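Let's take a walk through a protein model together.

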Amino acid sequence: MCHNHRQLTQANFQRDFSLHLPAFQTAHLRLAIILGVFGLVLNLFPIPLFANVQLILGNVAVVIVAILLGPWYALITALFTATGLMIVWSSPHVYLLFLLEALWLGFARRQDIQILYASVSYWVLLGIPLLAIYVAVIAKMPASHIPFTAIKQAVNGMIYAAIGELCVVAIPSLWHFKGKLTNLNRRTFSSQLSYLFTLIITVSLLVSSLAFNHFFIDKQQVLINRNLDDTATHLSHATDNYLAYNTQVIASTAKFLSLSNADINEWQALLSSVHDSNQGFKTMLLANEQGNLLAASPMANIVKLDSLSDISSVSDREYFTQAFYNHKTFVSPAFIGRGFGNDVIVAISAPIFSQIDPNQARGIVEGSLDLRYFSSIDKQNLHHEQQSILLTDENNNLIYASEGLGLAPLTPLSFSKGSDIYRAQLQLMNLHNLDSNTPEYIYAQHKLNNGWQLYVLEPFVPLLKLAERQYVNTVILLFCSLVGAFFITKAISKLLTEPLSLLAQHFGPAKQEKASDEKFEHDLLDKSTPKEIYSLYESLASNQQALLEHQQELEQKVQQRTQDLEAANVKLKDLAERDPLTNLYNRRYTEHQFPLIQQMCERGQDAMTLAILDLDHFKQINDTYGHLGGDECLKVVAELLTSLFKRDIDLISRYGGEEFLLILPICNALKVEAHLNEFKRQLAGTVIINPQDHRSFNVTASIGAVIANATYSDSLEYWLKQADNNLYLAKEQGRDRVVCSLIV
């Protein structure tokens, strides 16, 4: 029992499972796979536009299959097309997003919802929210980039949905594809025309808008790139000039001190004078050949020169060794100062030579650049609100960074360049999130004469927002255009369909009788009516008149034929039910009617009589008087039977040859035999005239009858057997007599 129960359960499961799974047809499955492979190949080569915008056209295959075959075949096609995107984008969200879209479009098609409207509803209700959640939670995309990414994908979805629908309309072989889904309801010409206009406008507007946006954004990129480059060039020249000027100041000061006869005790005054006249330096100092400080400016940083010289030495500083030992003016990398503060400084130093030996250095002069200058030129930038600058030395250490960047000076500059996912004509970089594929900044780079690097940065988001506004404007324009197209197509369809509708009403069944004498006139059937419609009206009018004339002729013929047919049917019925010679009912009719008569009598618990009448020596009559005499004899018997048994419920039939059958329902059992004897007596006294030779003759009859309640038997054969037995007795007893049995 357990084994049988398990088999039954498995059978039920298989039956239920098969009810929920679609039965795939080979031709449909083949088409879904072929289009899926075609879509996969197309999706391997998406059309790049701006940033991460790529136009994918392989999903057109999914739309076509959804329209023709429904959701499950569309799901198979989407598996192929999404795999192509997975190969290109390496992002598993494509399976969730586009497989759901395939099912959505397929089920919408089954509900007779047009594909473009289904696509719009999918992206608004499901696609955009799902994509936004994915890029925010899983892809970790910045919030500023999410709207653009979602909107551009929705626009792409509407494009390939409209293209797919147009492909089905434009390819005749798809119109009659065997087994394709059909509309649940027949649409009006107006709605079909409106939707076709909507498709064409959608594709035209979106494609042209994408092209316009592409060229517009490219133009903006060229302008931004030019602006950044101009700013970088300008700031680089300013920085080069600043460095060159202050380098020249240090070199000139060192040369003046080398040629001057001023006592070393006078150097402090000279240094202070030079510093006062050159504000590009934050501090200045003089050091002897041992690196000990001899003078410094400003004086506020020094309490006592003598004590400073005892404790202060710059002999370990690169700017001292480079200038003193190499006998050249030196510009140092950025470093942390000491003695006069812990600020980041850039030192410019030059050697002071001895008057006795011009090749012998006796000290250096050094100036620490005031890096606040870079802040001032940053703020003087015309695009300061949008742009930032970075300045690095030859060791790639930050000398200056705009405040908004949040980068500390003297730290190595580390950044990553934009990924291949974002297509742009600009140089892109990430400063804060180096592993992100989403760019943070657009930049231009310029190398200074001394090997420093200047970067001018501008956030990438404003450009992305500009592109986003372009896409939003495209959607708004599309909506407005579709609304306008709706009213335009309504007007156009009205011009075409209203005259046709009026013609249909006029030439409809309700107007058929009046069409011959009523001229159709309406404002829409004037000179503005299309020629084809007016020609149709004239043709319908003439054809209707001819049709009505022909119809009247046919009606007359049909009426005559109907009458003839009714008469023929009456004759056929008589031929089928009556004996043509005697006009009595025939055997077939009797056998058919007996059950009805018996049931009627049985319901009323009435008696009925069945009698068989056989003409005595009828063969001799035929032999003596011929067949005409025999036929006349049969007719006379039939007339006599009809005159004596004349109730409507009595059934008299010629049962065969010279035999007649009487069925007398609801009869008086006590009087039936007397009535039969009366018939026998009258028949014996009836003179029959032979129509051939006018000889006269008589005929007698033997009658066997059975009288019983209707419940006696419902079988005609049983009644006939009893009556036939009595007929046999009547003949045995000498003929011309009635033998009747009463069965109680």
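Helices and strands here are DSSP runs numbered from the N terminus: a helix is a run of H or I with at least four residues, and a strand is a run of E with at least two. What you're looking at is a predicted model, so local features need pLDDT of at least 70 and side-chain atom pairs count only at pLDDT 80 or more, while totals for chains, interfaces and linings use all residues. Residues are numbered from 1 along each chain as its sequence is written, and side-chain values use heavy atoms, with hydrogens and water left out.

Let's start with the loop between strand 4 (293–297) and helix 11 (305–311), where you'll find P298. The peptide bond leading from S297 into P298 is cis, with omega near 5°.

Now for a sheet. Strands of a sheet pair through backbone hydrogen bonds, either parallel or antiparallel. In this model, six strands make an open sheet, ordered 9-8-13-12-11-10, with antiparallel pairing. Two strands count as paired if DSSP finds at least two bridges between them. Strand 12 (residues 441–447) and strand 13 (residues 453–459) are joined by seven bridges and run antiparallel. Pick out Q445 and you can trace its bridge partner in strand 13, Y455.

Which helix lies across strand 8, strand 12 and strand 13? That's helix 9 (residues 189–259), which runs at about 145° to strand 13. Contact here means heavy atoms within 4.5 Å. The angle is taken between N-to-C directions, from 0 to 180 degrees, using axes fitted to C-alpha atoms, for helices over the stretch in contact.

N396, in the loop between strand 8 and strand 9, has a phi near 65°, a positive value in a residue other than glycine. H694 sits in the loop between strand 17 (688–689) and strand 18 (696–697), and its phi is also near 65°.

How covered are these residues? Buried means under 20% relative accessible area, exposed over 50%, and partly exposed in between (1.4 Å probe, protein chains only). N396 is partly exposed at 29%, whereas H694 is exposed at 60%. F45, in the loop between helix 2 (26–43) and strand 1 (47–48), is exposed too, with a relative accessible area of 62%.
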